[in-house]
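Look at the structure first, then work through the points below.

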There are 2 protein chains.
Amino acid sequence: MTPEIQKDKRIAFIGAGNLATHLAQALYSQGYEIVKVYSRSEESASELAKKVSANYTTSIKEMENFADIYFIALKDSAVEKVLSNFNSNDRLLVHCSGSLSMDVLKNHSSVFGVLYPLQTFSKKRSVDFSRIPVFIEAVNFQVLSTIEQIAKDVSNKVIHLESSKRKSLHIAAVFACNFVNHFYHLAGEVLSEKNVDFDVLRPLIMETAKKVQELNPYEAQTGPAVRFDENIIQSHLEELKGKENYDQIYHLISTSIFEHHKEN
Amino acid sequence: MTPEIQKDKRIAFIGAGNLATHLAQALYSQGYEIVKVYSRSEESASELAKKVSANYTTSIKEMENFADIYFIALKDSAVEKVLSNFNSNDRLLVHCSGSLSMDVLKNHSSVFGVLYPLQTFSKKRSVDFSRIPVFIEAVNFQVLSTIEQIAKDVSNKVIHLESSKRKSLHIAAVFACNFVNHFYHLAGEVLSEKNVDFDVLRPLIMETAKKVQELNPYEAQTGPAVRFDENIIQSHLEELKGKENYDQIYHLISTSIFEHHKEN
């Protein structure tokens, strides 16, 4: 099989959220034909369909017999429910979830797999898909080969990873992205109480991320907790007292830093 | 006063750690004369001295009468102790701490202030100092003016901020940098158990930081907690059970994301 052969396959998207939008656009820009987009929301469906010259529908039944490959990019909890109303006619089903097992698809087709791009997607922001690590899995070698060729058309970093490991990957991504972003938010909240603008944190945030592009985060750590500077930690905890559970979070994470760095 | 006049002043550094190294180099590259560097560690003192063509000493007494301006860049808990053995002869003392009040200097000179660059510094990494926000404070207007001119020579973003607000700034930096970096580390630990390399997280980490260079973190949030995806959260908590206090951290931060995003 060659990538050209894969590109003859008609692709449909079940789901039109952030991940679906970026993946569909990446495939489309590589020459794949996106035939149809389904979303419960007509606005989302039509918006994505327009970007990739596809049709769209808000009825999952209307997706049947339309494509060779169906990418399923829904909220995890919606996957079972949507597929229960969909007859795949044994076409290739590929879900894009970090945490769902591949086997959620096994009652819906005999050919199925997973393609999980590890990135945080927002519709407003364009990303260079070719640099995103893409994790794939499939029910058999032939399907894996098909998914791998598609994945390699959009990403330079394609990794075969089984479901149980992919779940850990998703947990790691929650820490490294969602929790990190929440700490940006909490930091901004601390500043806004003193009328200091979030903008002053931006160079620090960038440098913190840039540092670990070369170093590992263990070496890169700085600040009062890793220096075991109890005076500062206590004075920060005092300052945070009464502000929601900021002091609890501060204490828990400082202790965790301390524990990790004293071990070695 | 003009910047040129400030550059006639001889500068000394008490402390030769990460912050001292970057600030001294930034001043030196702007034409300031760094006359002497003190550190308890001869290795640190000589290393920095070499970079800025200065002398060095490991005896704080030998710093006396050497300079017009002393920058104090020590671990907070060391400042009082080191200064108690140092006679400033009423020269300008400027500390670089985020959390120490300006007033820790008042028994050591009549002219004193603060210059706090908000950044994470590592000796191995060069940073563009001109883009680092620098927060200044001084005992009186004249001293503030002196410190401001020096600060403006090294940074394009100089902000006057009183001690109590600077403390909040430091807390915000702990969240946005040290705690964030620790989450990079925890994410890497989750992956290493499954033999997945930290490197796969690097594009995600960069994009997470880049996003908030434009958006605010509240808008930028993605992931299971902000989607209130209880299934994923429970399955992640199950997976993390027994791994130190990872489940406790996961639960606390997910709950915090939930609380912040349900409010609005």
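Is strand S6 (residues 112-117) of chain A largely enclosed by the rest of the structure or open, and how many of its residues are buried? Six of its six residues are buried, so strand S6 of chain A is largely enclosed by the rest of the structure. Buried means under 20% relative accessible area, exposed means over 50%, and partly exposed lies in between (1.4 Å probe, protein chains only).

This is a predicted model: local features need pLDDT of at least 70, side-chain atom pairs count only at pLDDT 80 or more, and totals for chains, interfaces and linings use all residues. Residues are numbered from 1 along each chain as its sequence is written, chains are lettered from A and ligands numbered from 1 in the order in which they are written, and side-chain values use heavy atoms, with hydrogens and water left out.

**Strand S6 of chain A**

- Helices (H or I, at least four residues) and strands (E, at least two) are DSSP runs, numbered from the N terminus.
- Both faces of S6(A) are covered. A:Phe112, A:Val114 and A:Tyr116 are buried on one side. A:Gly113, A:Leu115 and A:Pro117 are buried on the other.
- Two strands pair if DSSP finds at least two bridges between them.
- S6(A) pairs with strand S5 (residues 92-95) of chain A in the parallel sense, over three bridges. Here A:His95 stands opposite A:Val114.
- S6(A) also pairs with strand S7 (residues 133-138) of chain A, in the antiparallel sense, over five bridges. Here A:Gly113 stands opposite A:Ala138.

**How the two chains are related**

**The interface**

- Contact means heavy atoms within 4.5 Å. By that rule, 93 residues of chain B touch 93 residues of chain A.
- The area buried between the chains is about 9,200 Å², and carbon and sulfur atoms give 66% of it. Buried area is the accessible area (1.4 Å probe) that two parts lose on being put together, summed over both.
- B:Arg125, B:Phe175 and B:Leu204 supply 8% of the area that chain B buries against chain A, more than any other three residues.
- Six salt bridges cross the interface. A salt bridge is a side-chain nitrogen of Lys or Arg within 4 Å of a carboxyl oxygen of Asp or Glu.
- A:Arg125 forms a salt bridge with B:Glu207, with the closest N and O atoms 2.7 Å apart.
- H6(B) gives 26 residues to the side of chain B that touches chain A, the largest share.

**A:Arg202**

- A:Arg202 lies in helix H7 (residues 202-214) of chain A. At 14% relative accessibility, A:Arg202 counts as buried.
- A polar atom of its side chain lies 2.5 Å from the backbone oxygen of B:Val212.
- Contacts of A:Arg202 include B:Gln213, B:Glu214 and B:Leu215.

- B:Ser53 is not a glycine, yet has a positive phi of about 50°. B:Ser53 is exposed, at 53% relative accessible area.
- B:Phe228 has a positive phi near 55°. B:Phe228 is partly exposed, at 35%.

How values were computed:
A polar contact is a pair of N or O atoms within 3.5 Å; within protein, one must be able to donate a hydrogen and the other to accept it, and residues adjacent in sequence count only if both atoms are side-chain atoms. Lists of a residue's contacts leave out its neighbours within four places in sequence.
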